[in-house]
Amino acid sequence: MRNLLLLSFLLAGVIEWSAQAQAPPTQAQPKPAPAPPKAGTPTTQTPPPKTTPPTRTAAPRRAPAPANSRSGMAITATSPQGATLSGVRVELMGPTERGGETDGSGQVNLPGLLAGTYRLRFSGERVTTFEREVTVRTGQVADVDVTLNPAPEPRVITAPAPVLPPGPTTAPLGPKGQPLTVAIPDFLEKEYVGRQPRRESLLSCSGSERATMIQLNEPMPERLYEKADAVYYVLGGEGSIQMNGRETKLGTNGFVSVPRGTSHSFARRGTRSLVLLAVLGGEPCEQAH
C-alpha cells in the first residue's frame, strides 16, 4: 500500500512538470495610456526658454549740415537834405567785427556777416558821430539807411580882413576831368544792381559837373540840392518821380529837369529795376553828391 501511494506521488509530479514545460511564455502587458485631463482641470505647460535678442550697435549720428550763413548789410548814408555822403567811416561791433567807408554814392556793402545784433558806429570829419543797432538774420542782407547830421563848424578867431573893393563873382570849379567815352550797356552790365535796394555808379566828374548811373529796386530817399541843378534820363524800366509833392509816372526814354532847391525822389514800378542817368551841375565835383 505504501508503495502504491509513493508511485502515485511520482506520477503526479511528472505530469505537472510536463504541463509547465509545454505552456507558452508569459508576454508583458502594455501600460495603459494616461487618461485625458478632465474638463476644468488646469494644465501646467513648461514655458519655452527665453532668448536674448542680438544687441544692435547704434549708427553714429551725422552732424547737421551748416545753415546758409550768407548774411550781410547794404548801408547808405545821406544828409538831412537827402544827399548821399561819401567818406563816412562805418564800424561794426558784434558777432563779426568789420569796418568800411562809404563810396562816392554814399554806400558800403559788408558781406559775410554772422547772424545777430550789431552796434554800428558812423563817424567822419563832415558828420556828427552816430550809433545805432541793427539785427542781421541768417541768409539775408539787411538794408540800412541812415541820415547823419553835419559836424559843427570849428570855431576859429581871426583878425578882421582888410576891406577890399568888390570884384567879379565866379563860381568855384572842381578839378578838370579827362575826356571819356562809355558804352552804357557794357557799363550797366559791369555795375548791375542785382538784388540790392539801389546802386549809384560814377560815370564822369569834371569841373562843376557830375554824371552818375542810378539803379533802383526800392524807393530812393528824398533829395534836395541847394546849389546845383539836376537832370535825369530814364535808361530802362518804369517808375515815378515825386517832386514838390506831385507824383509823375516815368517810362524808358523819359526826361526830368530838377531846379536847385527842389526836393525830389524816385520809385520803381513793375518788375524791372528803374535805371536813371543823372547829371548834376553847378557845384564843384568833389562836393556834389
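A contact denotes heavy atoms within 4.5 Å. Under this criterion, and with residues up to four places away in sequence not counted, F122 touches I75, V88, R89, V90, T128, T129, F130, R132, V146 and L148. The structure is a predicted model, in which local features need pLDDT of at least 70 and side-chain atom pairs count only at pLDDT 80 or more, whereas totals for chains, interfaces and linings use all residues. Residues are numbered from 1 along each chain as its sequence is written, and side-chain values use heavy atoms, with hydrogens and water left out.

F122 is among the residues with the most contacts inside the largest nonpolar core, together with M73, I75, L92, Y118, L120 and L148; this core has 20 residues. A nonpolar core is a set of buried Ala, Val, Leu, Ile, Met, Phe, Trp, Tyr and Cys residues joined through side-chain atoms within 4.5 Å, where buried means under 20% relative accessible area (1.4 Å probe, protein chains only). Strands β1, β2, β4, β5, β6 and β7 each give two or more residues to the core, strands being DSSP runs of E with at least two residues, numbered from the N terminus. Another core, of 17 residues, lies apart from it and includes I214, M220, V256 and V258.

Strands β5 (residues 116-123) and β6 (residues 130-136) run antiparallel and are joined by seven bridges; pairing requires at least two DSSP bridges between two strands. The two strands form a hairpin with six residues between them, and R121 stands opposite E131 in β6.

S79 is found in the loop between β1 and β2 (89-93). Its relative accessible area is 11%, so S79 is classed as buried. Its contacts, with residues up to four places away in sequence again not counted, are L85, T147 and L148.

Voids were defined on a 1 Å grid over the protein atoms alone: a cavity is a set of points where a 1.4 Å probe fits but cannot get out, a pocket is an open set with protein on both sides within 12 Å along at least five of seven lines, and lining residues have an atom within 4 Å of a point. Grid points are joined across faces, edges and corners, and a volume is the space filled by probe spheres set on the points. The second largest pocket holds about 350 Å³ of space. Its lining comprises 16 residues, of which R70, G72, P111, V141 and Q196 are the closest to its centre. Two cavities of 30 Å³ or more were found, and the second largest cavity has a volume of about 60 Å³. β1, β4 and β7 each supply at least two residues of the lining of this cavity.

Definitions and conventions. Helix = DSSP H or I, 4+ residues; strand = E, 2+ residues; numbered from the N terminus. Buried < 20%, exposed > 50% of the residue type's maximum accessible area, 1.4 Å probe, protein only.
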